[in-house]
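Here's a quick briefing to read alongside the structure. It walks through some helix packing and then a pocket.

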Amino acid sequence: MLDLQQLNYFVAVAQTESIATAAELLHISQSPLSRQIIALESRLGLRLFTRLGKRLKLTPTGREFLAHSEALLAQSRNLERLAQQTASGTHGSLRVGYVESAVHCGVVQRALRNLKAEHPGIRVQLLALRTDAQFVALSKGDIDLGFAHRAAPSGQALQSKRVAVEAFVLALPSGHARARQREVLAQHLDTEDFVLLSRQTSPEGHAALVQACQLAGFEPRVQHEVASPHTALGLVAEGLGLAIVQQSFAKTERTGVVFKPMPKGFSLKLEVHLALSQSPSNLANALFKLAI
């Protein structure tokens with residue numbers, strides 16, 4: 001295997017065409033430098049220089065080897081710099097899991113924007129994963145952080161913090177009779193069809209939403225179960241039922257849909273928690289701190 005230090009000696013001699021000048025630049029004695037060049041030629045089985053008095057001229061093979069040596073040394077310096085940047089958290093990559101609602105409320109975008117402002121050289125891979133899948137992936141090291149719906153389980157070697165809390169709103173078809181009312185009461189909803197997130201997509205989320213409705217005084221008559229709130233709102237726009245979605249959806253206009261506050265007594269909030277391992281990388285720790 002080639003010795004990078006030996007290659008560095010060779011490049012210095014090739015560029016100066018002098019053992020004496022190269023030794024002075026390298027701050028070593030001439031004799032060991034000369035021995036290193038001879039040893040390199042012997043190891044390669046090549047003649048790199050022709051000797052013309054005190055001058056050394058590269059052979060055609062030597063010129064070709066110089067080009068490769070300079071490229072290899074440059075790559076070595078870049079690799080060393082990259083390692084230093086990665087260790088300091090100024091370069092590298094992150095794998096980040098997320099639930100869809102974390103994107104809707106903007107917490108993922110804000111965190112990444114803050115991180116990019118401080119570490120512009122990083123690369124981020126976003127992976128859509130359910131909350132439980134994120135905790136498994138974190139434990140296995142498959143992702144670096146996760147924006148999940150709840151705090152990390154206490155029995156796992158993970159840490160987490162809440163980074164967003166958002167209320168829910170009621171989505172009605174714009175032609176619905178209740179859409180013109182200022183307030184929708186719980187008793188008005190007992191006879192309404194609903195579009196809810198499916199049990200298969202989010203068993204815990206579905207159960208929590210139904211329970212919150214019951215505690216508020218109405219039983220949602222679920223006629224359609226969907227995999228995403230966007231799909232739910234599409235069905236609402238077509239008059240196929242009402243939906244309960246996070247409040248951030250009400251900030252943008254959607255044709256055929258009207259948003260109203262949930263009835264009094266509906267206390268469920270959507271939460272987003274950012275989780276990572278107990279021994280995170282510098283970059284993962286930086287994103288964890290910047291997520292607010």
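**Helix packing and the main pocket**

H2 and H3 are roughly perpendicular to each other, because their packing angle of about 110° falls in the 65 to 115 range that counts as such. Keep in mind that this is a predicted model.

**H2 against H3**
- The axes of H2 and helix H3 (residues 30–44) sit 9 Å apart.
- On the H2 side, the contact uses Ile19, Ala20, Ala22, Ala23 and Leu26, while H3 brings Gln30, Leu33, Ser34 and Ile37.
- Sorted by class, the residues of this H2–H3 contact come out as 7 nonpolar, 2 polar and no charged.

**H1 against H2**
- Helix H1 (residues 4–16) and helix H2 (residues 19–26) have axes that come within 8 Å and cross at roughly 130°.
- That angle makes H1 oblique to H2, and the crossing is right-handed.
- From H1, the residues Asn8, Tyr9, Ala12, Val13 and Thr16 meet Ile19, Thr21, Ala22, Leu25 and Leu26 in H2.
- The H1–H2 contact splits into 7 nonpolar, 3 polar and no charged residues.
- Ile19, Ala22 and Leu26 of H2 turn up in the contact with H1 and also in the contact with H3.

**H6 against H10**
- Ala111, Leu112, Asn114, Leu115 and Glu118 of H6 make the contact with Leu283, Ala286, Leu287 and Leu290 of H10.
- By class, the residues of the H6–H10 contact are 7 nonpolar, 1 polar and 1 charged.

**The largest pocket**
- The largest pocket holds about 880 Å³ of space.
- It's lined by 38 residues, and the closest to its centre are Ser101, His149, Leu197, Ser202 and Gly205.
- Elements giving two or more residues to the lining include helix H5 (100–104), helix H7 (131–140), helix H9 (229–237) and the strands E7 (193–197), E9 (242–246) and E11 (269–277).
- Helix H8 (203–216) is on that list too, and H8 gives the most to the lining, with 6 residues.

Technical notes. Residues numbered from 1 in each chain as written. Predicted model: local features only at pLDDT ≥ 70, side-chain atom pairs only at ≥ 80, totals over all residues. Heavy atoms only, no water. Contact = heavy atoms within 4.5 Å. Helix = DSSP H or I, 4+ residues; strand = E, 2+ residues; numbered from the N terminus. Nonpolar A, V, L, I, M, F, W, Y, C, P; charged D, E, K, R; others polar. 1 Å grid on protein atoms, 1.4 Å probe; cavity = no way out; pocket = protein on both sides within 12 Å on 5 of 7 lines; lining within 4 Å. Points joined across faces, edges and corners; volume = space filled by probe spheres on them. Axes fitted to C-alpha atoms, helices over the stretch in contact; angles between N-to-C directions. Parallel < 35°, antiparallel > 145°, perpendicular 65-115°, else oblique. Left-handed = near helix turned anticlockwise from the far one by under 90°.
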